[in-house]
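Good morning, colleagues. Please look at the structure on the screen while I go through a surface helix, the aromatic contacts and the strands.

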Amino acid sequence: MIQARLPTVGGLLLVAPVRGLRSEVAATLQALDGHRPAAVGVGLSGEELASLQEYFVRSSAEPVVPLTSNERSEVRGLVRFGEVSVPNPAFLGVLHWAEASGVPTEGLDPTEDETATLFAEHIGYLELVRRTVRERSIARRPPTPNSADEFALTWDRSVAKGRGSREYAAARDLHLARSARRLAVAYPRVAVVVDRERFDSVRALLEAPAG
C-alpha cells in the first residue's frame, strides 16, 4: 500500500492498496484512522459502489462472484504474496469502516454509461484486439516480480500499454481527479482510495493546478 497527503487539495489523503491482496486492508484502514476523513472517495463508479454496499457491506450473506479468465490469472499470480480475495478486500474494508464510522462515501469514477462512452472513444478495433492478445499472453505467463507492488504495476503496464488503452486510463483518472477535487471542497478533510496502479497518475493530476 502506498499513500500521500496532498496539501494543495485541502490536505487530501490519497491511498492506493494493491487490488485483491488481503494484507493491504489493515494498512489502508490504519491510514484512514490516522487521517480521520469527513468523507471518503473510492476509485469506483457510483453503480459499483452501490452494489458493493448492498451485497457485501449491508448484506448478511455474500454472493458468489464469477471471475473472468484474466481475473483468475491475476489472482494466481498475486497469491504468491499472500491471501487474495474478490471483490477488492481493501475497498470492502474501506466501505465497512465508513459505514461503522458514519462517514459518507462516494464513487469517483465515471458512471457505467460514461465509461462505455470513454472506452468507445479511445479503444478502437485494432487496440481492442491487441489488448485481448496481451491479456491472454499475460494470463498464460503472469509476471513474477519480487513484490506485490511491482506485480500490480507490471500487470497493468502489460495489459494497458497500447496508446488507446493509455488514453482511456488517463480519461478515467482525469474524471476521478475532478470528482476528488469537488469532494475536497464539500468536506473539510477527505481520503481517496484507488487501485495501486492508478496512484501515480491520480497524484500528478491532483498536484497540478486546478482546471
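Val-129 is found in helix α6, residues 125-140; helices (H or I, at least four residues) and strands (E, at least two) are DSSP runs, numbered from the N terminus. This is a predicted model, in which local features need pLDDT of at least 70 and side-chain atom pairs pLDDT 80 or more, while totals for chains, interfaces and linings use all residues. Residues are numbered from 1 along each chain as its sequence is written, and side-chain values use heavy atoms, without hydrogens or water.

At 35% relative accessibility, Val-129 counts as partly exposed; buried means under 20% relative accessible area, exposed over 50%, and partly exposed in between (1.4 Å probe, protein chains only).

I turn to the aromatic residues. The whole structure holds three aromatic pairs, where rings of Phe, Tyr and Trp (its six-membered ring) pair if their centres lie within 6.5 Å, with planes under 30 degrees apart counted as stacked, over 60 as edge-to-face and the rest as tilted. Phe-119 and Tyr-168 form an edge-to-face pair, 5.3 Å centre to centre with 85° between the planes. Phe-119 lies in helix α5 (residues 112-122) and Tyr-168 in helix α8 (residues 163-186), so this pair ties together parts that are 49 residues apart in sequence. Tyr-168 is buried at 12% relative accessible area, whereas Phe-119, at 28%, is partly exposed. Phe-81, Phe-151 and Trp-155 form one aromatic cluster.

Finally, the strands. Both faces of strand β3 (residues 39-42) are covered: Ala-39 and Gly-41 on one side, and Val-40 and Val-42 on the other, are all buried.
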